[in-house]
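Work through the exercises below with the sequence and the 3D view open. Try each task before reading its solution.

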Amino acid sequence: MRFDIEGRRARLVARQHLAGTARDPVQAAADVVVLHATDPATVFLSVLARCTSASVEDVAKVMYDDRELVRMMAMRRTLFVVPADLVAVVHNAASLEIADRQRKRLLQQLTTIPTEPELPADADGWLRSVESSVERVLAERGSATAAQLSADEPRLRTALLPTSGKKWDVKRNITTYVLVLMAAEGRMVRAQPRGSWTSRAHTWEPASSWWPRGIPELPDARARLVEQYLRRFGPATVADVQWWTGWTLGATRKALAALETADVGCGLVMADDTEPDEPAAPTAALLPALDPTPMGWKERDWYLPEDSRPLFDRNGNIGPTIWWGGEVIGGWAVRPDGKIATSLLTDRGAAATRAVQEAADVLQPRLDGTPVVPSFPTPLEKQLRTA
């Protein structure tokens with residue numbers, strides 16, 4: 001079996017619910033493996049695009065009341081929202097390695113950069129003492145902001161001091177570094193934010209309140225994660241898998257070697273999953289900045305327009321995209337008044353133009369007038385948002 005571009009696009013639409021076919025927010029997340037959560041709004045907008053029956057409140061309930069979706073730092077040191085039944089896989093396959101790197105980096109900073117106040121010679125012992133204290137006060141509170149934790153444990157306000165005159169080299173408290181490290185190790189969880197669904201100010205909860213028995217060890221976690229990826233994003237090349245996971249080439253090849261895969265010309269799929277998906281009539285989808293679909297492959301020419309530069313910022317972060325039949329044909333933005341503006345970069349006819357406008361008209365009231373500003377504005381998104 002060989003897949004052409006149309007076959008890849010048909011599979012993408014069917015498996016990642018670009019026609020709005022997900023039955024609920026959990027399926028919308030699980031069928032793209034994980035949701036990007038660098039921007040809190042992305043999580044909600046990614047679900048709303050895939051599940052036509054879901055509201056912002058439904059997504060929040062699944063995350064914070066039902067705890068079926070969990071925020072975790074994982075692949076590529078990126079924040080994701082992970083389905084609960086995939087937490088152990090992601091934790092063992094990616095988060096623990098990230099945590100190890102974060103700990104080494106923080107300890108290096110604590111021992112090589114001047115601090116206020118000065119630290120004892122045993123920086124590792126000091127850091128672990130701080131972490132134990134944070135776990136204790138968080139358990140007592142049940143839920144806390146970073147500010148509350150640093151008030152209870154003042155050592156979190158220890159500062160790394162500037163060592164040069166460069167404007168980016170400023171005094172930095174270690175609060176965020178410590179909390180992010182502890183979360184990556186599975187000791188804390190990012191919980192409900194203070195503010196609206198677009199807020200970045202999350203509270204923290206003890207991991208024991210989410211996983212009383214802890215997160216189990218999984219020796220084959222990397223192979224399991226790659227299988228999840230290939231069943232949703234395959235066909236994918238080795239380079240795609242390596243980029244998505246953030247692993248070394250050796251680790252990527254080792255995980256792939258543990259699986260039964262098949263080469264279908266443009267990439268790999270699972271050996272028992274080589275039949276093409278049935279093409280459906282094209283539909284329009286408005287996906288947010290950093291959505292998992294456009295962020296799913298390193299090699300993207302097969303679904304991007306000929307000139308995709310307006311859709312990306314200088315660092316390669318993709319903005320909001322408009323999809324039609326499994327390809328990107330334009331971009332969109334939410335203006336300060338809550339209205340959605342769209343722009344097509346590729347002409348796919350009157351039916352596509354009408355469908356895009358209808359998709360925008362359906363999405364706009366679901367946002368209830370909330371403005372959305374991506375963390376990484378792109379040329380087209382900024383143009384549409386500020387026009």
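**Exercise 1. Find the angle and the axis distance at which helix H9 and helix H11 pack, and name the residues that meet.**

Solution. Step 1: locate helix H9 at residues 221-233 and helix H11 at residues 249-257. Helices here are DSSP runs of H or I with at least four residues, strands are runs of E with at least two, and both are numbered from the N terminus. The model is predicted, so local features need pLDDT of at least 70 and side-chain atom pairs count only at pLDDT 80 or more, while totals for chains, interfaces and linings use all residues. Residues are numbered from 1 along each chain as its sequence is written, and side-chain values use heavy atoms, with hydrogens and water left out.

Step 2: the two helices pack at an angle of about 80°, and their axes are 8 Å apart. Axes are lines fitted to C-alpha atoms, for helices over the stretch in contact, and angles run from 0 to 180 degrees between N-to-C directions.

Step 3: H9 and H11 are therefore roughly perpendicular to each other (65 to 115 degrees; under 35 is roughly parallel, over 145 roughly antiparallel, the rest oblique).

Step 4: Arg222, Ala223, Val226 and Leu230 in H9 meet Ala251, Ala255 and Leu256 in H11 (contact means heavy atoms within 4.5 Å). By class, this contact has six nonpolar, no polar and one charged residues. Ala, Val, Leu, Ile, Met, Phe, Trp, Tyr, Cys and Pro count as nonpolar, Asp, Glu, Lys and Arg as charged, and the others, Gly among them, as polar.

**Exercise 2. State the strand order of the open sheet of four strands, and say which helix packs on the sheet.**

Solution. Step 1: the order is E11-E12-E13-E14, with antiparallel pairing (two strands pair if DSSP finds at least two bridges between them).

Step 2: E11 and strand E14 (340-344) are at the edges with a single partner strand each, so one side of each has no neighbour in the sheet. From one strand to the next, the twist averages 30°.

Step 3: strand E13 (residues 327-334) pairs with E14 over five bridges in the antiparallel sense. In this pair, glycine 331 stands opposite serine 343 in E14.

Step 4: helix H13 (residues 379-386) packs on the sheet and touches E13 and E14. The direction of H13 makes about 40° with that of E13.

**Exercise 3. Which strands are the edge strands of the open sheet of three strands?**

Solution. Step 1: the order is E4-E5-E6, and the pairing is antiparallel.

Step 2: strand E4 (115-116) and strand E6 (172-173) each pair on one side only, which makes them the edge strands.

Step 3: two bridges join strand E5 (residues 159-160) to E6, and alanine 159 stands opposite asparagine 173 in E6.

**Exercise 4. What is the volume of the second largest pocket, and which residues lie nearest its centre?**

Solution. Step 1: the volume is about 280 Å³. On a 1 Å grid over the protein atoms alone, a pocket is an open set of points where a 1.4 Å probe fits, with protein on both sides within 12 Å along at least five of seven lines; lining residues have an atom within 4 Å of a point. Grid points are joined across faces, edges and corners, and a volume is the space filled by probe spheres set on the points.

Step 2: the second largest pocket is lined by 15 residues, and Ala49, Thr52, Ala284, Ala285 and Ala359 lie nearest its centre.

Step 3: the largest share of this lining, four residues, comes from H12.
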